[in-house]
Amino acid sequence: MVDVNADAPIEVTGEVPKHYPMGFAEFVVVIAAIMALNPLAMDMMLPALPNIASSFHIDAANRLQMVLSSFMIGFGVGQFLIGPLSDSFGRRPVLLGGMVLYAIASVLAIAAPSFEMLLLARALEGLGTSATRVIATSIVRDCYAGRRMASVVSLAMMVFIAVPVVAPSFGQAVMLMVHWRGIFAVLMAYGIVALLWSLFRLPETLPASERKAFAIPQVLDAYRQTLTNRQTLGYALAAGGVQGALFGFVFCSQQVFTGIYQLGPYFPLAFAAIAVGVAVAGFLNARLVGRIGMRVMSHSALVGFVVVAAIMYVAAKLQILPLPLFMALAALMMFSFGLMIANFTALAMEPQGHIAGTASSLYGSITTLLGIGIGAVIGQDYNGTLVPFATGFLLCTLATLAVVAITEKGRLFRPHHHPIA
């Protein structure tokens, strides 16, 4: 095996990186800005849901969750082809096309005359951000390897993780000044800034010599290889399971905090306090995973996830779940999720280096759509109590633990020298 200089760009001319004329700092910032489009568009909408209900005369509170789920469905579906398209036509055209679609969808949302048109606009927004999420990762992979790549991803992910923490409060602040449609104006403006920055400063990072012809048979064969690998499929299903619990929480969070706990406008602050758990987990994982290993980190977090879910279920059934206890358990849920999701993704992609772009797209679609399906079921079961969420949370964790145990053939917490075939 050839030893790779882990601290150098993959391909350089002298000292000039592939993302020239951008320097390293600007490159990290623009990658983070591109990646932030997705969580910003998702979570800024949370405090606006009651106002949207009032505007469109939506009486069924659970129906409002479609504002979030339609966005994520577009995001999940779009990932199927983004990787193969960018491998064939280059990163720039696919990235810029996605951001143009995002901006157009934001305009449609601003002018939406009906709830159904708003949902269509949200699905198109999600479709547009599927390009930004997949292509940002691909561009980093084009430019860097080893520790340098890990450094770029870690720095960008700090922003990606921080956005869900502050986005609801940002959305609430926007609504203090303008109508809820103003949130889409802010999203559109942000998307246009990111688009122009990328257009004028971000070069193409995939040379023509490295592109692959877009052929349906090859794409389908890559999908087959991905789906028939025990480790990849197992951890994709596991990631979808834990995302299902997370999406279930996000979809009904506004109803829980404002309906059960009567927090009103303070809901974004409570949501932010809980979401900090993901950021802390990301920081600890980056520091410890090199010494402890992905399996020990993620499997331990999964066991903790099960324990938290069991405590929440018992407390919800006994109706002894005051706000401080619920927030503590929810924060632990987020913390465990943060430790699992990055390592599950790395474990799933470990055997797929030869088809990384296509495999990454399929993995993203599987986990997102599975998570959305599970989360939507949990969210739609909301009945004014925490029992439906706690039940769904526990079932998701137990199913995920079973999937991981089967994938690893019962050998939890133990590193392997080779990926599981």
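Colleague: Let us start with the whole chain. How many helices and strands are there in the protein chain?

Modeller: Keep in mind that this is a predicted model. The protein chain has 15 helices and zero strands. Of its 421 residues, 53% are buried. Taking contacts between residues at least 6 apart in sequence, 85% join residues at least 24 apart.

Colleague: Where does helix 11 bend?

Modeller: The bend is at Ala-286 and comes to about 40 degrees. Just after the helix, Gly-293 has a positive phi of about 105 degrees.

Colleague: And how should I read the pattern of buried residues along a helix?

Modeller: Here is the general idea: an α-helix has 3.6 residues a turn, so residues three or four places apart point the same way. In helix 11 the buried residues include Phe-267, Phe-271, Ile-274, Val-278, Ala-281 and Asn-285. Ala-270, Gly-277 and Pro-268 are also among them.

Colleague: Next, packing. At what angle do helix 1 and helix 6 pack?

Modeller: Helix 1 (residues 24-35) and helix 6 (residues 115-143) pack at about 155 degrees, and their axes are 8 Å apart. That angle makes helix 1 roughly antiparallel to helix 6. On the helix 1 side the contact is made by Phe-27, Ile-31, Ile-34 and Met-35, while helix 6 brings residues including Thr-132, Ala-136, Ile-139 and Cys-143.

Colleague: How do helix 10 and helix 15 cross?

Modeller: Their axes come within 9 Å and cross at roughly 170 degrees. Helix 10 and helix 15 are therefore roughly antiparallel to each other. Among the residues that meet are Gly-234, Gly-241, Gly-248 and Phe-249 in helix 10, and Phe-389, Phe-393, Cys-396 and Thr-400 in helix 15.

Colleague: How do I describe aromatic rings that sit together?

Modeller: A pair of aromatic rings is described by the distance of the centres and the angle of the planes. A search of the whole structure finds 15 aromatic pairs. In one of them, the ring centres of Phe-257 and Phe-326 are 5.8 Å apart with planes at 65 degrees, so the pair is edge-to-face. Phe-257 belongs to helix 10 (residues 230-260) and Phe-326 to helix 13 (residues 323-349), so this pair ties together parts 69 residues apart in sequence. Both Phe-257 and Phe-326 are buried.

Colleague: Why is the pair of Phe-305 and Phe-393 edge-to-face?

Modeller: The ring planes of Phe-305 and Phe-393 are at 75 degrees, and edge-to-face requires over 60. Their centres are 5.1 Å apart. Phe-305 lies in helix 12 (residues 294-317) and Phe-393 in helix 15 (residues 387-407), so the pair ties together parts 88 residues apart in sequence. Phe-305 and Phe-393 are both buried. Ring pairs also link these residues into a cluster whose members include Phe-257, Tyr-261, Phe-271, Phe-305, Phe-326 and Phe-393.

Technical notes. Residues are numbered from 1 along each chain as its sequence is written. This is a predicted model: local features need pLDDT of at least 70, side-chain atom pairs count only at pLDDT 80 or more; totals for chains, interfaces and linings use all residues. Side-chain values use heavy atoms; hydrogens and water are left out. The bend at a residue is the angle between axes fitted to the seven residues ending there and the seven starting there. Helices (H or I, at least four residues) and strands (E, at least two) are DSSP runs, numbered from the N terminus. Buried means under 20% relative accessible area, exposed over 50%, partly exposed in between (1.4 Å probe, protein chains only). Rings of Phe, Tyr and Trp (its six-membered ring) pair if their centres lie within 6.5 Å; planes under 30 degrees apart count as stacked, over 60 as edge-to-face and the rest as tilted. Axes are lines fitted to C-alpha atoms, for helices over the stretch in contact, and angles run from 0 to 180 degrees between N-to-C directions. Angles under 35 degrees count as roughly parallel, over 145 as roughly antiparallel, 65 to 115 as roughly perpendicular and the rest as oblique. Contact means heavy atoms within 4.5 Å.
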